[in-house]
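Subject: A structure for you to look at

Hello,

Here is the structure I promised to pass on. Please open it first, and then read the notes below alongside it.

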Amino acid sequence: MTWIRIRFTLLLTLLTVWIAAMFASGVVAIAAFTSLPDLELSTPAAEAFYGDDTEGVGRYVAGFVTNPVFVASDRIRSVAAIAILLLIVISRGRILDRRCRVLRYLAGATLKLGLVILAYTVIVLAPDIQTTLTAWRAAVTDGDVERGAAIWKSFEVLHTIASTLLRIEFLTMVACFV
């Protein structure tokens, strides 16, 4: 097996790990946020905030279930990205074994876009989301509905941005395979 095939195989493996981490977090979120609210859960920590709203409590609990998965996904994707960057450096940029120059440039461009999106998400967006989420959970635990509602609005904005960026990142990683 030639060195270029080894590099290309490593790249495809790392891209697969990256995509799998994104896919897994999405599957866990879908499962948790669709099934837990229907279970009529209750927790003393959220009683004062939600009252008899068991669906709201289910979403609250689902957030606790999914948050570690999202953090793990960020870490796995970051490790894969660093490994890809090291592979690019070691191979002096000749990582893509494409016969067609246009496809090679497109794959390189989508990979760079995915790296930039991941870097922004992990360095800028994720810490803001975690801070906001922690403040919201404190408001829920304290039973402060007004403060919780205000914090939740800012969380929803951050969540919408993160979800959109994750979708774009996913598409850029898949496009690298084309």
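**Starting at Thr-141**

Thr-141 has its place in helix α4; helices here are DSSP runs of H or I with at least four residues, strands are runs of E with at least two, and both are numbered from the N terminus. Before going further, please note that this is a predicted model, in which local features need pLDDT of at least 70, side-chain atom pairs count only at pLDDT 80 or more, and totals for chains, interfaces and linings use all residues. Residues are numbered from 1 along each chain as its sequence is written, and side-chain values use heavy atoms, with hydrogens and water left out.

Leaving aside neighbours within four places in sequence, Thr-141 is in contact (heavy atoms within 4.5 Å) with Ala-45 and Tyr-60. The C-alpha atoms of Thr-141 and Phe-49 are separated by 7.2 Å, although the two residues are 92 apart along the chain.

**The whole chain**

Stepping back, the protein chain has five helices and zero strands, so its elements run α-α-α-α-α from the N terminus on. Its C-alpha trace spans about 65 × 30 × 25 Å along the principal axes. The radius of gyration, taken over C-alpha atoms, is 20 Å, while a compact globule of 178 residues would have one near 16 Å; that globule rule is 2.2 Å times the number of residues to the power 0.38.

Of the 178 residues, 38% count as buried. Among contacts between residues at least 6 apart in sequence, 76% join residues at least 24 apart. The accessible surface comes to about 10400 Å², and 69% of that belongs to carbon and sulfur atoms; the areas come from the Shrake-Rupley method with a 1.4 Å probe, and for residues only the protein chains shown count as cover.

In soluble globular proteins, nonpolar side chains tend to be buried together. A nonpolar core here is a set of buried Ala, Val, Leu, Ile, Met, Phe, Trp, Tyr and Cys residues joined through side-chain atoms within 4.5 Å. The largest one has 17 residues, and those that touch the most other members are Ala-46, Tyr-50, Tyr-60, Leu-125, Ile-129, Trp-136 and Val-140. At least two residues of this core come from each of α2 (44-50), α3, α4 (101-142) and α5. Which helix gives the largest share of this core? That is α4, with seven residues.

Not counting residues up to four places away in sequence, Tyr-60 touches Thr-43, Ala-45, Ala-46, Tyr-50, Trp-136, Arg-137, Val-140 and Thr-141. A second, separate core has 16 residues, among them Ile-19, Leu-115, Met-173 and Cys-176.

**Salt bridges**

Side chains of opposite charge can pair when their charged atoms come close. The structure holds five salt bridges, each a side-chain nitrogen of Lys or Arg within 4 Å of a carboxyl oxygen of Asp or Glu.

Arg-77 takes part in two that I would look at together. One is with Asp-74, where the closest N and O atoms are 2.9 Å apart; both residues lie in helix α3, three residues apart, about one turn of the helix. Another is with Glu-169, at 2.8 Å between the closest N and O atoms. This second pair links distant parts of the chain, with Arg-77 in helix α3 and Glu-169 in helix α5 (residues 145-175), 92 residues apart. Salt bridges with shared partners join Asp-74, Arg-77 and Glu-169 into one network. Arg-77 and Asp-74 are both buried, and Glu-169 is buried too.

Arg-59 and Glu-55 also meet in a salt bridge, at 3.3 Å from N to O. They are four residues apart in helix α3 (residues 54-90), so about one helical turn separates them. Arg-59 counts as partly exposed at 38% relative accessibility, and Glu-55 does so at 43%.

Finally, Trp-3, Ile-6, Leu-10, Ile-82, Leu-86 and Ile-90 make a nonpolar surface patch of about 580 Å². Patches are made of residues with over 30% relative accessible area and no salt bridge, with like charges joined within 9 Å and nonpolar side chains (Val, Leu, Ile, Met, Phe, Trp, Tyr) within 5 Å. Helices α1 (3-35) and α3 each supply at least two of the patch residues. Ile-90 lies in helix α3 and counts as exposed, at 60% relative accessibility.

Best wishes

Methods:
Buried means under 20% relative accessible area, exposed over 50%, partly exposed in between (1.4 Å probe, protein chains only).
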